[in-house]
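Hi,

Here is the structure I promised to pass on.

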Amino acid sequence: MNVDELKLRAVSLEQELFNAANQSLDVAAFAKYEPLLSAIKRAKAGEIAKTEELPGMRYWMYETDIPKFPSLEKAFSRFSLLLSGWER
């Protein structure tokens, strides 16, 4: 796990969430989703050293309008892929 890269991706995701949250109720709710907030916070603090999965992501990606925000979707994908160990 590249802790420094995960931190950068967490910061990027956090910024994209902030930028899009006032444009969509779905994004605003996603930006407050506790498992995501916890992972971002821990990644920024360098506290994640092994892979982990975020619960409920299927719902957020397929049942909401989050895909309408390409930069947010990309930032989330990059963060979650690294977090889950799919990308190095």
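**What I found**

Let me start with Thr 64: a polar atom of its side chain sits 2.4 Å from the backbone oxygen of Trp 60. Before going further, please keep in mind that this is a predicted model.

Thr 64 belongs to the loop that runs between α4 (57-62) and α5 (70-84). The Thr 64 side chain also reaches the backbone nitrogen of Ile 66, at 3.4 Å. Leaving out residues up to four places away in sequence, Thr 64 touches Asp 26 and Tyr 59. Is Thr 64 buried or exposed? Its relative accessibility is 12%, so Thr 64 counts as buried.

Another loop residue to look at is Ser 24, in the loop between α1 and α2 (25-30). With 7% relative accessibility, Ser 24 is buried, because the cut-off for that is under 20%. A polar atom of the Ser 24 side chain lies 3.1 Å from the backbone nitrogen of Val 27. The side chain of Ser 24 also makes a polar contact with the side chain of Asp 65, at 2.7 Å. If you set aside neighbours within four places in sequence, Ser 24 is in contact with Asp 65 and Phe 69.

How do α1 and α5 lie relative to each other? Their axes come within 9 Å and cross at roughly 150 degrees, and that makes α1 roughly antiparallel to α5. The crossing of these two, α1 and α5, is left-handed. On the α1 side, the contact is made by Glu 5, Leu 6, Arg 9, Ala 10, Ser 12, Leu 13, Glu 16, Leu 17 and Ala 20. On the α5 side, you will find Ser 71, Leu 72, Ala 75, Phe 76, Arg 78, Phe 79, Leu 82 and Leu 83. Sorted by class, the residues in the contact of α1 with α5 are 11 nonpolar, 2 polar and 4 charged.

Helix α1 (residues 3-21) also packs against helix α3 (residues 34-44), at an angle of about 135 degrees and with the axes 8 Å apart. Angles over 145 degrees would count as roughly antiparallel and 65 to 115 as roughly perpendicular; α1 and α3 are therefore oblique to each other. The crossing of α1 and α3 is left-handed. From α1, the contact takes in Leu 6, Lys 7, Ala 10, Val 11, Leu 13, Glu 14 and Leu 17, and from α3 it takes in Leu 36, Ile 40, Ala 43 and Lys 44. By class, the contact of α1 with α3 has 8 nonpolar, no polar and 3 charged residues.

What about α3 and α5? The axes of α3 and α5 come within 12 Å of each other and cross at roughly 75 degrees, which means that α3 is roughly perpendicular to α5. Here Leu 36, Ala 39, Ile 40 and Ala 43 in α3 meet Phe 76, Phe 79 and Leu 83 in α5. This contact of α3 with α5 has 7 nonpolar residues, no polar and no charged.

Leu 17, in helix α1, is buried, with a relative accessible area of 4%.

Along the chain, Ala 21 and Leu 6 are 15 residues apart, and their C-alpha atoms are separated by 22 Å.

Last, look at Thr 51, in the loop between α3 and α4. Thr 51 is partly exposed, with a relative accessible area of 45%. How far apart in space are Thr 51 and Met 1? They are 50 residues apart in sequence, and 7.1 Å apart from C-alpha to C-alpha. Apart from neighbours within four places in sequence, Thr 51 is in contact with Met 1, Leu 83, Ser 84 and Gly 85.

Cheers

Terms used: Residues are numbered from 1 along each chain as its sequence is written. This is a predicted model: local features need pLDDT of at least 70, side-chain atom pairs count only at pLDDT 80 or more; totals for chains, interfaces and linings use all residues. Side-chain values use heavy atoms; hydrogens and water are left out. Axes are lines fitted to C-alpha atoms, for helices over the stretch in contact, and angles run from 0 to 180 degrees between N-to-C directions. Helices (H or I, at least four residues) and strands (E, at least two) are DSSP runs, numbered from the N terminus. Angles under 35 degrees count as roughly parallel, over 145 as roughly antiparallel, 65 to 115 as roughly perpendicular and the rest as oblique. A crossing is left-handed if the near helix is turned anticlockwise from the far one by less than a right angle, and right-handed if clockwise. Contact means heavy atoms within 4.5 Å. Ala, Val, Leu, Ile, Met, Phe, Trp, Tyr, Cys and Pro count as nonpolar, Asp, Glu, Lys and Arg as charged, and the others, Gly among them, as polar. Buried means under 20% relative accessible area, exposed over 50%, partly exposed in between (1.4 Å probe, protein chains only). A polar contact is a pair of N or O atoms within 3.5 Å; within protein, one must be able to donate a hydrogen and the other to accept it, and residues adjacent in sequence count only if both atoms are side-chain atoms.
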